[in-house]
Amino acid sequence: MINIAERIIKQMVHDKRSLAMIIIVPLFLLTLLYLLLAKSSYVPVVATENLPASFMTMLEEQDTIRLAVKDVDETIETFLKNGKADAVISQDEEGLRITFVEMDGVKVNAVTDALKSVVSVAAGKSQPETNIDFIYGKKDQSMFDSLGFLLLSVLSFFMIFLFSGISFVRERTSDTLERLMLTPIKTVSVVGGYVLGFGFFAVIQSVLMLIYAKILGMPFVGSWLVAALIMLLLAVLAVVTGVLISAISRNEFQVMQFIPIIIIPQIFFSGLIPVDTLPFKLNYLSKIMPLYYGSEGLKGVLVYGYGFGRVMPQIVILLCFIAAVFAANVFVVERYRA
């Protein structure tokens, strides 16, 4: 028993990658979570409508919000959809009303806390009722409905990454790739063939996930075709990423080791935690995360009802990521010809 334990310890000590996975990667992920979940310094922008002058004066003194000016002729919904503010505080026959674009804990808490402190002083004991509305989504909707777009993008990317990565490693360990590279076939054709082969199943997966999500009752506001296109691009990106990772890995276990480095940080920045309110300006890191653009595109289509033109920037960026990773694949796979 002691001899077996000693052998395992010596193997792990000499395996630098496994040692890093056990010691360094958990500390890295824990540090990333600490930064992501720290108290946000984001200050929401708020507009007002039909509020008493006393409320307005006290709101202007709040340092947890910034006030914006809203045109009288512009509706609250249009004003918020155009991104001119995070919330609008108004007053009607039912009392005070706060309207947000969508549920965001940081913004909701900041605005409601600021309003509560104003109301408690200005209104005294006769405090009006405060109602909260969202343009997109409902207060009582399930987590599945709220994060459906995120589930589609993450599951599609993760599963196809595993499938293509492990499958390509088997192609290498069975010497199939080496035999291919001994033929006159171009490296681009080899990589393209693998991408098309794995991509065929990626298409099937993307379509089935969209159909089944609709059966489960996930809200679909926009076009199915545009959502399917984004899902397909995410799946193809997962394929080329999986092939690239497997090309520099010796076995399936090493492919799995890349999940905490390649997949998990992207999930953190994909919208699971609202990106625009992240502390320490970590939102800039989302710009280098492909999954962020896929999730934003799906959210735009499925939640906001955007058409193809509104999500074109996300589609173009995903295509650029695919082209860059494909080129890296060609460079790495070329070494097997030598």
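The legends below describe several views of one predicted model.

View 1. Of the 338 residues, 44% count as buried, and the chain exposes about 17900 Å², of which carbon and sulfur atoms supply 65%. Among contacts between residues at least 6 apart in sequence, 72% join residues that are at least 24 apart.

**View 2. Helix H7 and the residue Asp 175 that comes just after it.** Helix H7 runs over residues 148-173, and its 26 residues should span 38 Å at 1.5 Å a residue, which agrees with the 38 Å that separates its end C-alpha atoms. Just after H7, Asp 175 takes a positive phi of about 65 degrees. Most residues other than glycine have a negative phi.

**View 3. A cluster of aromatic rings.** Ring pairs link six named residues into this cluster, namely Phe 163, Phe 168, Tyr 194, Phe 198, Phe 200 and Phe 201. Phe 163 and Phe 168 belong to the cluster and fall within the residue range 148-173 of helix H7. In a search of the whole structure, 11 aromatic pairs are found.

**View 4. Arg 310 over the ring of Tyr 306.** In this view the side chain of Arg 310 lies over the face of Tyr 306, at a distance of 3.9 Å from the ring centre.

**View 5. Phe 280 and Lys 281 in the loop between helices H13 and H14.** The loop that holds Phe 280 lies between helix H13, residues 264-272, and helix H14, residues 290-302, and Lys 281 is found in the loop between H13 and H14 as well. Although Phe 280 is not a glycine, its phi is positive, at about 55 degrees; Lys 281, also not a glycine, has a positive phi of about 55 degrees. Are the two side chains buried or exposed? Phe 280 is exposed, because its relative accessible area of 53% is over the 50% that the term requires. Lys 281 likewise counts as exposed, with a relative accessibility of 63%.

Technical notes:
Residues are numbered from 1 along each chain as its sequence is written. This is a predicted model: local features need pLDDT of at least 70, side-chain atom pairs count only at pLDDT 80 or more; totals for chains, interfaces and linings use all residues. Side-chain values use heavy atoms; hydrogens and water are left out. Helices (H or I, at least four residues) and strands (E, at least two) are DSSP runs, numbered from the N terminus. The expected span of a helix is 1.5 Å times one less than its number of residues. Rings of Phe, Tyr and Trp (its six-membered ring) pair if their centres lie within 6.5 Å; planes under 30 degrees apart count as stacked, over 60 as edge-to-face and the rest as tilted. A charge sits over a ring if NZ of Lys or CZ of Arg is within 6 Å of the ring centre and within 35 degrees of the ring normal. Buried means under 20% relative accessible area, exposed over 50%, partly exposed in between (1.4 Å probe, protein chains only). Contact means heavy atoms within 4.5 Å. Accessible areas come from the Shrake-Rupley method with a 1.4 Å probe; for residues, only the protein chains shown count as cover.
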